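Open the model in your viewer and keep the sequence panel beside it. The tour goes from one selection to the next.

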Amino acid sequence: MKSHSNDNDAKKLLRNKKVIEEINRHKWLESEIAGYDIGFEAAAEDWLKNHAAVWIAYHANNKSKSPVKSSSFKKKRPAK
């Protein structure tokens, strides 16, 4: 039996566009292995059970790092 908090966590994750992309990638890979389309629901259930915790931990750790700004890639003009 699933706990209520796990259901809420799953619902919250499933509102994240990046999570949906990961589940669709997982669906494609698992469908290739199975030889048939396993469907989004099965892929989502499997991804949430087997991969969500690692995905969350990775993204939580990377969220604290500041992204590189595109301005840092601009060449500086030489002083005249």
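A residue is called buried when its relative accessible area is under 20%, and exposed when that area is over 50%. Select Trp47 and apply the rule: its relative accessible area is 4%, so Trp47 is buried. Keep in mind that this is a predicted model.

**The whole chain**

Now show the whole chain as a cartoon. It has 4 helices and 0 strands, and along the sequence the pattern reads α-α-α-α. Of the 80 residues in the chain, 15% are buried.

**Helix α3**

Select residues 40-50, which form helix α3. Which residues are buried here? They are Ala43, Ala44 and Trp47. These residues span an arc of only 100 degrees around the axis, and therefore lie on the same side of α3. Next, turn to the face pointing away from that buried side, where the exposed residues Glu41, Glu45 and Lys49 are found.

Leaving out residues up to four places away in sequence, Ala43 touches Ile23, His26, Lys27 and Ile38.

**The aromatic pair**

The chain has 1 aromatic pair. The ring centres of Trp47 and Trp55 are 6.0 Å apart and the planes meet at 65 degrees, so this pair is edge-to-face.

**The largest nonpolar core**

Show the side chains of Leu13, Val19, Ile23, Ala43, Ala44, Trp47, Ala52 and Trp55. Together these 8 residues make up the largest nonpolar core. Helices α2, α3 and α4 (52-63) each give two or more residues to this core. Which element gives the most? It is α3, with 3 residues. In soluble globular proteins, nonpolar side chains tend to be buried together.

**Ser31**

Finish in helix α2, residues 17-34, and select Ser31. Is Ser31 buried or exposed? Its relative accessible area is 11%, so Ser31 is buried. Not counting residues up to four places away in sequence, Ser31 touches Tyr36, Asp37 and Ile38.

Notes:
Residues numbered from 1 in each chain as written. Predicted model: local features only at pLDDT ≥ 70, side-chain atom pairs only at ≥ 80, totals over all residues. Heavy atoms only, no water. Buried < 20%, exposed > 50% of the residue type's maximum accessible area, 1.4 Å probe, protein only. Contact = heavy atoms within 4.5 Å. Arc of directions from axis to C-beta. Phe/Tyr/Trp six-rings, centres within 6.5 Å; stacked < 30°, edge-to-face > 60°. Core = buried A, V, L, I, M, F, W, Y, C linked by side-chain atoms within 4.5 Å.
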